[in-house]
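Subject: Structure handover

Hello,

Here is the structure for you to look over.

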Amino acid sequence: MEGKLYRGEDYKEFDSQDYLKTYYTFDSGTVAENEILKFNLKNLFQTFSSGGVGGDILIDIGTGPTIYQLLSACEVFREIIVSDYTDQNLREVEKWLKEEPGAYDWSPAVQYVCELEGDRSRWQEKEARLRRTVTRLLKCDVTEPHPLGPAQVLPADCVLTLLALECACHDVDTYRAAIRNLVSLLKPGGYLVTAVTLGFQGYIVGNKNFFGLHLEKETVEKALQDAGCQVLRCQHSPISYTETFCISKGMCFAVARKSPSA
Ligand code: SAH
């Protein structure tokens with residue numbers, strides 16, 4: 001393991017393949033990582049089905065090289081925009097969208113979500129639907145007041161961000177500002193949906209140590225409220241990552257709504 005702590009601009013050295021192998025080998029991977037993925041998939045299913053959150057545009061922020069977070073949402077949004085700080089993560093997502101050789105195999109996770117939705121056999125239909133629904137791949141930086149830079153994007157019905165802000169933000173003030181930046185991308189009455197690694201102290205990708213911001217559930221809720229949102233749900237789970245990969249203590253999944261008069 002290298003001694004250096006990777007953060008900020010060092011993300012250009014983030015290895016998408018190593019990340020996927022460590023945290024997302026769903027059918028054969030380590031128990032803790034599988035449980036965390038299931039916790040997120042179940043919460044996403046609950047959020048985006050049963051007449052809940054839906055609409056025209058969903059923006060996923062800090063998408064990374066993953067698409068699991070969009071599997072329920074693609075049924076209830078007309079358009080999904082994905083975004084990340086790094087080119088290589090966007091490229092990894094593009095490979096999956098275009099079914100290119102070497103694209104990551106998400107089918108175990110897709111089948112799991114289809115089972116939650118009531119019909120495991122329609123997983124290929126869901127993959128095709130997600131591929132049609134993602135219309136744009138954009139660069140983003142959550143620490144900027146305009147996280148999507150010069151890209152022209154209409155106000156969104158939903159901003160989704162999973163496991164990204166606690167990697168991107170170096171301290172709690174930056175985290176709180178990032179939440180405000182993301183809320184500014186929403187229509188009045190739009191939803192911010194987020195999953196957070198709690199008690200985070202960092203994680204490894206390949207042989208590199210990446211920084212992790214230590215957050216408590218209450219800090220997440222307060223940041224959402226102070227950014228003008230009502231917290232509708234904040235589900236806590238005690239599950240933590242395998243300690244050799246990532247130091248953390250529990251997870252939370254929150255759904256918040258921007259004030260309709262904002
Ligand atoms: N959402 C994915 C990836 C999380 S890994 C998942 O659920 O697995 C953390 C991600 O945060 C990486 O993709 C990294 O590129 C992104 N990131 C790091 N700094 C960022 C910044 N300043 N703005 C936006 N995203 C950032």
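A backbone N or O atom of glycine 62 lies 2.8 Å from a nitrogen atom of the ligand. Polar contacts here are pairs of N or O atoms within 3.5 Å. Leucine 162 has a polar backbone atom 2.8 Å from a ligand nitrogen. For threonine 63, a backbone N or O atom is 3.4 Å from a nitrogen of the ligand. The protein buries 98% of the 570 Å² that the ligand exposes when taken alone (Shrake-Rupley areas, 1.4 Å probe).

This is a predicted model, where local features need pLDDT of at least 70, side-chain atom pairs count only at pLDDT 80 or more, and totals for chains, interfaces and linings use all residues. Numbering runs from 1 along each chain as its sequence is written, and side-chain values use heavy atoms, without hydrogens and water.

What surrounds the ligand? There are 20 residues around the ligand, counted if a heavy atom lies within 4 Å. The closest are Tyr19, Tyr24, Gly62, Tyr68 and Asp84. By class, the shell has twelve nonpolar, six polar and two charged residues; Tyr counts as nonpolar, Gly as polar and Asp as charged.

Now the sheet. Four strands form an open sheet with mixed pairing, in the order β1-β8-β7-β10. Strands are DSSP runs of E, at least two residues, numbered from the N terminus; a pair needs at least two bridges. β1 (5–6) and β10 (246–247) are the edge strands. β1 runs parallel to β8 (residues 208–210), over two bridges. Tyrosine 6 has phenylalanine 210 in β8 as its bridge partner.

Best wishes

Terms used:
Polar contact = N/O pair within 3.5 Å; in protein donor to acceptor, adjacent residues only side chain to side chain.
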